[in-house]
Every structure is written in C-alpha cells, then in structure tokens.
Amino acid sequence: MKKPISNEIAAMQSVKLNNITVGRDAITLNVSFNDPEKFAEDYKTIKKIASDKANGKTVKIECYSPNISLQKIWEENAFAVAEAMELHTYSKIPIALEEMKKKHRLKNATSYMDEQNVYIYLNDGKGPYYAVLPREREVSRNG
C-alpha cells in the first residue's frame, strides 16, 4: 500500500511525501507543499491517490510546515477563522487573514475554499505555513 501511494505522489512536482504511516484504521501522510497556487489542488490529488489505495481506511494528510514562528502566529490568531467557520460566515476568513498579515507583517496570508475544506497559506518571507480546515467537522457519537 505504501509503495503505490509513494510512487504516485513522487511524480507530483510541487509536493514532497515525507512519511506514510499505515495503522489499523487509518493511513497518515506527512506532506510538504511547495506551491501555494497549487496547494488545494495538490491536497485533493493526494487525498484521492491515497483514498483509492487505502482499502477502506481513513486517510489523514498532515501538512508539514517547519516554520515554528508562523505556526505560533497561526495558533494565536486562528480564533477569528475558527469562528467564521463555525458560524458559516466564510467571507470573514480573508478579512481575518488580512488582519493577521498586517499585524505580523507577513508576506502572504491567503485562503481558498472548496466544498470540503478551507486551505490556509501563510508566509513570513522565511518560509511557508500550510493548514487545511475541514468545513464540516466529523461528529463522534457514543454508543
């Protein structure tokens, strides 16, 4: 299962597969994205590649973003984005990111949305930070 997934993702020019972990119920892929313009498209392609070969297992994709300072900025300022998503006021997301960009003097702070996810890209001039936020949260039920 790992090799076919690895081979297909290796053929993609704007991503790098760092690691695949195959568990009993899930496959986790740790991926570095290199092109903010293709980020959402690449994410969806990777998800499809892995899902097609997962034999029914859940596919999780981790966006590898080594920029610790951007990760901290995101964690400290993500409330406005989380609130917009919770209230389904998605038009507020670009506004929140623009405020984050100005406040922290970021080079880029952009988002893209499709039916499933909101894709976040931040860059402080030293490196990128990527995040994918599901539009619909999975509901876990007891019993």
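1. Setting aside neighbours within four places in sequence, valine 31 is in contact with Val15, Lys16, Leu17, Asn18, Ile46, Ile61, Glu62, Cys63 and Tyr64. These contacts are read from a predicted model.

2. Val31 also belongs to the largest nonpolar core, which has 22 residues. Together with Ile5, Ile9, Val15, Leu29, Phe33 and Ile46, Val31 touches the most other members of that core. At least two core residues come from each of α1 (2-10), β1 (15-22), β2 (26-33), α2 (39-52), β3 (58-63), β5 (117-123) and β6 (128-134). The greatest contribution is that of α2, with 6 residues. Apart from this core lies another, of 20 residues, including Ala78, Met85, Leu106 and Ile120. In general, nonpolar side chains in soluble globular proteins tend to be buried together.

3. Buried in α2 are Phe39, Ala40, Asp42, Tyr43, Ile46, Ile49 and Ala50.

4. Serine 111 is located in strand β4, which covers residues 108-113. Its relative accessible area is 31%, and serine 111 is therefore classed as partly exposed, the limits being 20% and 50%. Beyond its neighbours within four places in sequence, serine 111 is in contact with Ile93, Pro94, Leu97, Val118, Tyr119 and Ile120. From isoleucine 49, serine 111 is 62 residues away in sequence and 23 Å away in space, C-alpha to C-alpha.

Notes
Residues are numbered from 1 along each chain as its sequence is written. This is a predicted model: local features need pLDDT of at least 70, side-chain atom pairs count only at pLDDT 80 or more; totals for chains, interfaces and linings use all residues. Side-chain values use heavy atoms; hydrogens and water are left out. A nonpolar core is a set of buried Ala, Val, Leu, Ile, Met, Phe, Trp, Tyr and Cys residues joined through side-chain atoms within 4.5 Å. Buried means under 20% relative accessible area, exposed over 50%, partly exposed in between (1.4 Å probe, protein chains only). Helices (H or I, at least four residues) and strands (E, at least two) are DSSP runs, numbered from the N terminus. Contact means heavy atoms within 4.5 Å.
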